[in-house]
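Please follow along in the viewer as you read.

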Amino acid sequence: MSEHVGHNHGETEVPDDFWESFYAERDQIWSGKPNAMLVREASDLQPGSALELGCGEGADAIWLAAQGWQVTGIDVSGLALERAAKHAEDAGVAEKIQWLKRDLSSWEPATQYDLVSAQFLHSPVELPRNTILAAAARAVAPGGALLVVGHESFPSWSKHPEPHEPLPTAAELAVELGLNAPDWSLETVDSVVRDITGPEGQTGTLTDSVLLARRAG
Ligand SMILES: C[S@@+](CC[C@H](N)C(=O)[O-])C[C@H]1O[C@@H](n2cnc3c(N)ncnc32)[C@H](O)[C@@H]1O
């Protein structure tokens with residue numbers, strides 16, 4: 001994903017409006033490449049059904065589909081999903097992905113998946129992240145995995161919009177979601193530091209939290 005996002009936002013803005021104008025700012029926001037931690041964590045998983053929460057312009061869902069997964073991608077932005085669908089067609093995996101426009105704030109999964117992935121599901125406007133991630137955990141089929149990758153910290157000069165909720169470590173998130181329970185095993189609980197370059201050439205690091213939890217089969 002892109003590291004520098006600068007725009008105005010307000011606490012009162014609803015997710016639908018905020019994210020639609022966010023994506024309307026440019027023809028393409030994200031890099032088009034799958035997130036590195038998704039690739040690291042999911043490359044060795046046995047493909048099955050996958051759910052991608054906050055799929056944006058679709059790079060992760062498309063990568064999963066190319067690995068053999070049958071994917072459902074959810075996002076609140078219709079514009080992002082239009083781009084995602086076009087990219088999926090270009091990549092020849094359109095038939096393996098279903099795109100759903102939903103506000104995850106009021107989402108309850110109707111079925112279960114072998115992999116539920118949330119990559120950088122953060123927002124500067126209202127986003128009940130832990131409620132959504134708890135629902136995501138309920139959406140994991142027996143034997144399946146929940147993968148949550150998120151920001152753990154930003155460099156001081158970052159113009160990334162301030163997330164609405166605090167940024168937990170992977171270990172904190174596991175506790176918050178009740179995943180340190182007998183029917184879950186925590187396979188990855190990690191902090192990954194990566195170098196980034198800011199808009200004025202500043203160098204710095206970003207820390208990402210990576211949590212892969214498996215539900216007992
Ligand atoms: C920071 S972006 C990350 C996008 C993508 N997962 C990535 O890693 O590049 C957060 C995404 O979550 C979506 N999102 C934010 N709030 C949402 C909500 N309430 N319901 C559904 N999607 C939402 C946004 O539209 C956006 O695509």
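**Entry on S77**

I looked up what S77 touches, leaving out residues up to four places away in sequence, and I found W19, E20 and Y23. I note for all my entries that this is a predicted model. S77 sits in the loop between β2 (70-75) and α4. Is S77 buried or exposed? S77 counts as buried, because its relative accessibility is 0% and the cut-off for buried is under 20%.

Next I checked the polar contacts of S77. Its side chain makes one with the side chain of E20, at 2.8 Å. A polar atom of the S77 side chain also lies 3.4 Å from the backbone nitrogen of L79. I then compared sequence with space: S77 and G56 are 21 residues apart in sequence, and their C-alpha atoms are 7.5 Å apart.

**Entry on the ligand**

- A polar side-chain atom of Y23 is 2.5 Å from a ligand oxygen atom.
- An N or O atom in the side chain of N35 is 2.8 Å from an oxygen atom of the ligand.
- A polar backbone atom of L104 is 2.8 Å from a ligand nitrogen atom.

How much of the ligand does the protein bury? Taken alone, the ligand exposes 590 Å², and the protein buries 97% of that.

**Entry on D60**

I found D60 in helix α3 (residues 59-66). Setting aside neighbours within four places in sequence, I listed its contacts as K33, P34, N35, L38, E52 and Q119. I then searched for a charge partner. D60 is buried yet has no salt bridge, and R194, the nearest side chain of opposite charge, is 11 Å away.

**Entry on salt bridges**

I reminded myself of the idea: side chains of opposite charge can pair when their charged atoms come close. How many salt bridges does the structure hold? I noted eight, and I looked at some of them.

R40 and D190 form one, with their closest N and O atoms 2.9 Å apart. R40 lies in helix α2 (residues 36-42) and D190 in strand β6 (residues 184-197), so the pair ties together parts that are 150 residues apart in sequence. R40 is partly exposed, with a relative accessible area of 40%, and D190 is partly exposed too, at 26%. I also saw that R40, E41 and D190 are linked in a network of salt bridges.

R83 and E57 meet in a salt bridge at 2.8 Å, N to O. This pair links distant parts of the chain, 26 residues apart, with R83 in helix α4 (residues 78-90) and E57 in the loop between β1 (49-53) and α3. Both R83 and E57 are buried.

E108 and R138 meet at 3.0 Å, N to O. I placed E108 in the loop between β3 (97-101) and β4 (113-119), and R138 in helix α5 (residues 129-138), 30 residues apart. E108 is partly exposed at 47% relative accessible area, and R138 is partly exposed at 43%.

Technical notes
Residues numbered from 1 in each chain as written. Predicted model: local features only at pLDDT ≥ 70, side-chain atom pairs only at ≥ 80, totals over all residues. Heavy atoms only, no water. Helix = DSSP H or I, 4+ residues; strand = E, 2+ residues; numbered from the N terminus. Buried < 20%, exposed > 50% of the residue type's maximum accessible area, 1.4 Å probe, protein only. Lys, Arg positive; Asp, Glu negative; His and termini not counted. Salt bridge = Lys/Arg side-chain N within 4 Å of Asp/Glu carboxyl O. Contact = heavy atoms within 4.5 Å. Polar contact = N/O pair within 3.5 Å; in protein donor to acceptor, adjacent residues only side chain to side chain. Areas by Shrake-Rupley, 256 points an atom, 1.4 Å probe, with all protein chains shown as cover.
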